[in-house]
Amino acid sequence: MSSIPTLASLVKDGKVQNDFIMFEDERPKVAYNQFSNVIPVISLDGIEDDTPGGQREVIRNQIAKACEEWGLFQVVDHGVDPKLVHDMATLSREFFALPDEEKLRFDMSGGKKGGFIVSSHIQNEVVANWRELVTFILYPIKERDYSRWPDKPKEWRAVTELYTENMMGLGTQLLGVLSEAMGLERQAMTKACKELTQRMVVNFYPKCPEPSLAIGLKRHTDPGTITLLLQDQVGGLQTTKDGGENWITVQPIEGAFVVNLGDHAEYLSNGRFKKAEHQALVNYDHNRLSIATFINPDQEAIVYPLKIEEGDEAILEEPIAFGEMYKRHFVKHLERGKAKKLAKENKLSKEEVEKMLQNPVKNVKSLQELLA
């Protein structure tokens, strides 16, 4: 795939490069603003009331039901200061409005652990995403590299540090609820992570001249434990619970966070809670912004179900380190794209593609080799 510094020039040209054209069967079928209200919206007001039959029990049941069906829900009354949320979104928009040369000072190609890039921080994507992003590690604090954080707008660092502290608190609180829903101690999922890590990805999806051909972020699941997403009011986040047969567009709610579970949470719950398959669309008329906070385990944390009900089998054949699971997740994603490309070029039959996608990933690359 050719190098794409920023999307600004492509927007001005009024065309979508071949790098961004999706496979025909993966192009959007439901409009970015055809909103659905089926995704649960859950108020966290009263979550500290853990008396028998109290509000925490009500919230726990609501969250468990949402995770069993969708692996995704929205939270309101979450206690995060609305001004902080507003400031984080405003500064993010200001960063992406900077001239190209300012953003490219933080170019993260070459394996850097944070910064700015177009499409994805994963190398060798067959089809590019119509997005610019800035990403960096937040926890453990000792791994923060402030040289990879934007220094414009000047308030970025202070606001981001406070925002991420709030996200860690909210994420930990939700993991506690999920642990209790499994009949375990409140800290069970947090302990299974060994040490919670956190990465932020700020996504900017510019107006797209041909949105029926491109996509902001391809269909995927998150490999980690839990993701907290702040999205603007434009719309474009979609999810499916039937393997992509039907997609729904999540209704944006001012001040809410979209919460979705990743592969790790599904494994810890032995499949009771679903990982959320999702994608992000682009459109012709509006730029779109979202801020994703990924809360994940330590690379050395052992992944295996925390509880296996009587009569059930573990959905994992054997325990695996999260770092290895993470690498396999992305290698499988890349190989899926390669298989579809070969099929499109008539170099593989449909049966050969299915076989390639079903076979376990072997000879997994190092994580560093996968990064841009």
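**Entry 1: Asn270**

I looked up Asn270 and found it in the loop between helix 7 (263-268) and strand 12. Helices (H or I, at least four residues) and strands (E, at least two) are DSSP runs, numbered from the N terminus. The model I am reading is predicted, so local features need pLDDT of at least 70 and side-chain atom pairs count only at pLDDT 80 or more, while totals for chains, interfaces and linings use all residues. Residues are numbered from 1 along each chain as its sequence is written, and side-chain values use heavy atoms, with hydrogens and water left out.

I noted that Asn270 has a positive phi of about 55 degrees although it is not a glycine. Is Asn270 buried or exposed? Its relative accessible area is 12%, so I recorded Asn270 as buried. (Buried means under 20% relative accessible area, exposed over 50%, and partly exposed in between, with a 1.4 Å probe and protein chains only.)

**Entry 2: other backbone points**

I found a positive phi at Asp77 too, near 55 degrees, in a residue other than glycine. Asp77 sits in the loop between strand 3 and helix 3.

Next I checked peptide bonds. The bond from Tyr139 to Pro140 is cis, with omega near 0 degrees, and the bond from Lys152 to Pro153 is cis with omega near -5 degrees. I placed Pro140 in the loop between strand 5 and helix 5; Pro153 is in the loop between strand 5 and helix 5 as well.

I traced an open sheet of 5 strands with mixed pairing, in the order 1-10-9-12-7. Two strands pair if DSSP finds at least two bridges between them. Strand 1 (35-36) and strand 7 (217-220) are the edge strands, each pairing on one side only. Strands of a sheet pair through backbone hydrogen bonds, either parallel or antiparallel.

How many bridges join strand 9 to strand 12 (residues 277-280)? I found 4, and the two strands run antiparallel. Thr240 has Glu277 in strand 12 as its bridge partner. Strand 9 is also joined to strand 10 (residues 248-250) by 2 bridges, again antiparallel, and there Gln238 has Thr249 as its partner. Strand 7 and strand 12 run antiparallel and share 2 bridges, with Leu217 partnered by Ala280.

**Entry 3: Gln238**

I then turned to Gln238, which lies in strand 9 (residues 237-240). Its relative accessibility is 0%, so Gln238 counts as buried. In a regular strand the side chains alternate between the two faces of the sheet. In strand 9, I saw Leu237 and Thr239 pointing one way and Gln238 and Thr240 the other way, and all are buried.

What does the side chain of Gln238 reach at 2.8 Å? I found the backbone oxygen of Val30 there. Leaving aside residues up to four places away in sequence, Gln238 touches several residues, among them Ala31, Trp247, His278 and Leu281. Contact here means heavy atoms within 4.5 Å.

I followed another open sheet, of 8 strands, in the order 2-3-11-8-13-6-5-4 with mixed pairing. The twist averages 25 degrees from one strand to the next. (Axes are lines fitted to C-alpha atoms, for helices over the stretch in contact, and angles run from 0 to 180 degrees between N-to-C directions.)

Within this sheet I looked at strand 6 (residues 197-205) and strand 13 (residues 288-296), which run antiparallel and are joined by 9 bridges. Asn203 stands opposite Ser290 in strand 13.

**Entry 4: helices**

I found helix 2 lying across strand 2, strand 3 (72-76) and strand 11 (257-261), at about 160 degrees to strand 2. Helix 3 (residues 82-96) lies across several strands, including strand 13, to which it runs at about 115 degrees.

Helix 2 (residues 55-69) packs with helix 5 (residues 156-181) at an angle of about 85 degrees, and their axes are 9 Å apart. That makes helix 2 roughly perpendicular to helix 5, a term for angles of 65 to 115 degrees. Among the residues that meet, I listed Arg56, Ile63 and Cys67 in helix 2 and Leu174, Val177 and Glu180 in helix 5.

Conventions
Angles under 35 degrees count as roughly parallel, over 145 as roughly antiparallel, 65 to 115 as roughly perpendicular and the rest as oblique. A polar contact is a pair of N or O atoms within 3.5 Å; within protein, one must be able to donate a hydrogen and the other to accept it, and residues adjacent in sequence count only if both atoms are side-chain atoms.
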